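I opened my notebook to look up a few things in this structure. My entries follow, in the order I made them.

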Amino acid sequence: MEKLKKIFVCSECGYETPKWMGKCPECGEWNTFIEDVRAEEGTSKQKTAGLIIGEPEAETVTSISDVCVDDEIRYVTGIDELDRVLGGGIVKGSVTLLGGDPGIGKSTMLLQICGKLSEKMKILYVSGEESKSQLKLRAKRIGVDSKNLLIAPYTDIGQVINAISAEKPDIVMVDSIQTMSFSGIASSSGSVTQVKECTSILTKVAKKANIPVIIVGHVNKDGAIAGPKVMEHIVDTVLHFEGERTMSYRILRSIKNRFGSTNEIGIFEMNENGLHEVENPSVALLSERPTNVSGTCVSCIIEGTRPIFAEVQALVSKTGFGVPRRTSTGFDFNRTALLIAVLEKRAGYYFGSMDTYINVIGGLKLDEPAADLSVAIALISSLTDTVVDSSIVAFGEIGLGGELRSVSNTESRIKEAEKLGFSEVILPMQSLKKLRKDDYKIKLTGVASVGEAFSAIRKKEVKSE
Ligand SMILES: Nc1ncnc2c1ncn2[C@@H]1O[C@H](COP(=O)(O)OP(=O)(O)OP(=O)(O)O)[C@@H](O)[C@H]1O
Ligand SMILES: [Mg+2]
Ligand SMILES: [Zn+2]
């Protein structure tokens, strides 16, 4: 008889130990061990992937110049925001992991990809989460219907492999990896061991049959279910679907990509008939901007190759009692603290007994130093209750001396600001010096320090009154 023994597995790296540990000796993470079971040796029925897909053929050593390959073949999905994030489409034989919080729209995304691709190719959609009728309902809601789209409500990975060899699809979707299990392993579906084994089985099949596979993985904050962390090393591409569930914008980001850049993001909007591409995110992100209110400034960051404009809001108010509160959403907390310190020391704006709140509208994260200037301006604007003209864009990195440092891609930022109808760009003097001013119709104001930037804004206010 098969005897089971208890083991603990690290959800980050898959390290196994017979005893629970607080810190993983392999990856150094804390609190990542999850209980699991394993067949005891001797009584073992533990089998590995080789059993269902056959052992790999013996590989030989070859000189790289003798290896022949076809050109990299990509399936273009026709969803531009997605194709760009993938680096131009889904690569044949690749494995893509789509992760994201519950209810963010992962299944919707898969089904929409199916809708586009099923016009030309055969797709196997394996869903361990939803019944056929549930899938049909969603498909109907988002308008997907095709004879080429095969759905399979399987949870056993063996069944999935059989279906792949029987149907020979051009592409396979698996929703989600946490519901899949391999019968050769004793532990239950969703455990780290199962997730790892099922992923590696799917990866082997993808490489062997040269079929792309897209796998959905749930992320769970408290780690009760094996996070897709352990899978990230196995797969080729990791996409993250982010956003506030209460807001309609969703951001698709690539965390790892063996076939493209990881800087690109795709922006979608969710409504009752599915996800829609947001072609001009800046317009959408700036659409509900308040006018004549202090504490807001428009920033420009580069995401991948695209300049994106976002509104930074700051609220500075007197602290009720005790230590001032500092919060920051969408902008690094420590960076905010640093900017506040610079403003106090170098520009003479004091936040000592003030609570400060920073928020970037639309759920966007500004993690480029170029966003510094707009955050600083929003802070000063709120502190001094001065309205910043809504047709001004500001970008630039702030140094510890309060100086403004030049940033990359200045031209494309300015061009985009012009296109969106802004009237003035405040940018580092160093960046301005490198430009040919005649190329632009928009007013360019170069400044050397934060203080100077705010004076430039203030002067304009006085003039317009
Ligand atoms: N009728 C509807 N109208 C508008 N939005 C809807 C409607 N039905 C579903 N949605 C949106 O779709 C989301 C669920 O999408 P989906 O099932 O693709 O998410 P998921 O990431 O696959 O979730 P799970 O983790 O549960 O599998 C909901 O959170 C909601 O935002
Ligand atoms: Mg789902
Ligand atoms: Zn670990």
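I started with a charge over a ring. The charged end of Arg413 sits over the ring of Phe395. I noted 5.2 Å from that end to the ring centre. The model is a predicted one, so I keep that in mind for every entry.

Next I looked up aromatic pairs. The count comes to 4. Tyr15 and Phe33 make an edge-to-face pair, with 6.4 Å centre to centre and 75° between the planes. This pair links distant parts of the chain, 18 residues apart. Tyr15 is in the loop between strand E1 (4-10) and strand E2 (16-17), while Phe33 is in strand E3 (residues 33-39). Tyr15 is partly exposed at 28% relative accessible area. Phe33 counts as buried, at 8% relative accessibility.

I then turned to Phe309 and Phe422. Their ring centres are 5.4 Å apart and their planes are at 20°, so the pair is stacked. Phe309 belongs to strand E16 (residues 306-318), and Phe422 to the loop between helix H11 (410-419) and strand E22 (424-428), so the pair ties together parts 113 residues apart in sequence. Both Phe309 and Phe422 are buried.

Helix H3 came next. H3 (residues 106-117) has 12 residues and reaches 17 Å from first C-alpha to last, close to the expected 16 Å. I found 11 of the 12 residues buried, so H3 is largely enclosed by the rest of the structure. Among the buried ones are Lys106, Met109 and Leu117.

Last, I looked for disulfides and found 0. Cys24 counts as buried at 1% relative accessibility. Cys27, at 32%, counts as partly exposed.

Definitions and conventions
Residues numbered from 1 in each chain as written. Chains lettered and ligands numbered in written order. Predicted model: local features only at pLDDT ≥ 70, side-chain atom pairs only at ≥ 80, totals over all residues. Heavy atoms only, no water. Helix = DSSP H or I, 4+ residues; strand = E, 2+ residues; numbered from the N terminus. Expected span 1.5 Å × (residues − 1). Buried < 20%, exposed > 50% of the residue type's maximum accessible area, 1.4 Å probe, protein only. Disulfide = S-S within 2.5 Å. Phe/Tyr/Trp six-rings, centres within 6.5 Å; stacked < 30°, edge-to-face > 60°. Lys NZ or Arg CZ within 6 Å of the ring centre and 35° of its normal.
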